[in-house]
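I opened this notebook to record what I looked up in one structure.

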Amino acid sequence: MQKVPSISEAEWEVMKVVWAKSPCTSSQIIDVLDENKDWNPKTIKTLINRLVNKNILGFKKDGRRYLYYSLIEQSECIRAENQSFLSRVYDGAIKSMLVNFIKENDLSNEDIDDLKNILNERK
């Protein structure tokens, strides 16, 4: 597994669009983000360029436009983010994290059954 560069919260928003609509132009990314973010198009283009520079986004030229696509699977980025969060917040102790999440969140009976099944499969 390759080392996944750190992605800011704003960059995550761009990546969610790219993962959902790849390949896509910067205009398409801007249109999607414009629906729920109050970001200047120039800001979004800066975020796209950062992701290209981090080798997270690739692009190909299509006439006068660029089509952007992900160089890293969404699951890889999520896995890296999970590890980073676990290390930063819980000093790598997954049990502490799970206990905290379970105690702090309302779980349905279905959620509890699913968690039990997952834990039983891991035994």
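Entry 1, salt bridges. I count a salt bridge when a side-chain nitrogen of Lys or Arg lies within 4 Å of a carboxyl oxygen of Asp or Glu. The model is predicted. By that criterion I find 4 salt bridges in the structure.

I looked up E13 and found a salt bridge with K16, in which the closest N and O atoms are 3.4 Å apart. Both residues belong to helix 1 and are 3 residues apart, about one turn of the helix. I note K16 as partly exposed, since its relative accessible area is 43%.

Next I looked up E11, which forms a salt bridge with K54; here the closest N and O atoms are 2.8 Å apart. E11 sits in helix 1 and K54 in the loop between helix 3 and strand 1 (57–62), so this pair ties together parts that are 43 residues apart in sequence. I then checked the accessibility of each partner. E11 has a relative accessible area of 2% and is therefore buried. K54, at 29% relative accessibility, counts as partly exposed.

I also recorded the pair D62 and R65, whose side chains meet in a salt bridge at 2.9 Å, N to O. D62 is partly exposed at 35% relative accessibility, and R65 is partly exposed with a relative accessible area of 42%.

At what angle do the axes of helix 1 and helix 3 cross? I find that the axes of helix 1 (residues 9–21) and helix 3 (residues 41–53) cross at roughly 90° and come within 10 Å. Helix 1 is therefore roughly perpendicular to helix 3. On the helix 1 side I list A10, E11, V14 and M15, which meet L47, I48, R50 and L51 of helix 3. Sorted by class, this contact has 6 nonpolar residues, 2 charged residues and no polar ones.

Which residues of helix 4 are buried? I list E76, C77, L86 and Y90. Among the elements that cover these buried residues are helix 1 and helix 5 (94–104).

The peptide bond from S22 to P23 is cis, and its omega is near -10°. I place P23 in the loop between helix 1 and helix 2 (26–34).

N55 has a phi near 60°, a positive value in a residue other than glycine. N55 is located in the loop between helix 3 and strand 1. I note N55 as exposed, since its relative accessibility is 54%.

D91 also has a positive phi, near 50°, and is likewise a residue other than glycine. Is D91 buried or exposed? At 72% relative accessibility, D91 counts as exposed, the cut-off being over 50%.

Technical notes
Residues are numbered from 1 along each chain as its sequence is written. This is a predicted model: local features need pLDDT of at least 70, side-chain atom pairs count only at pLDDT 80 or more; totals for chains, interfaces and linings use all residues. Side-chain values use heavy atoms; hydrogens and water are left out. Axes are lines fitted to C-alpha atoms, for helices over the stretch in contact, and angles run from 0 to 180 degrees between N-to-C directions. Helices (H or I, at least four residues) and strands (E, at least two) are DSSP runs, numbered from the N terminus. Angles under 35 degrees count as roughly parallel, over 145 as roughly antiparallel, 65 to 115 as roughly perpendicular and the rest as oblique. Contact means heavy atoms within 4.5 Å. Ala, Val, Leu, Ile, Met, Phe, Trp, Tyr, Cys and Pro count as nonpolar, Asp, Glu, Lys and Arg as charged, and the others, Gly among them, as polar. Buried means under 20% relative accessible area, exposed over 50%, partly exposed in between (1.4 Å probe, protein chains only).
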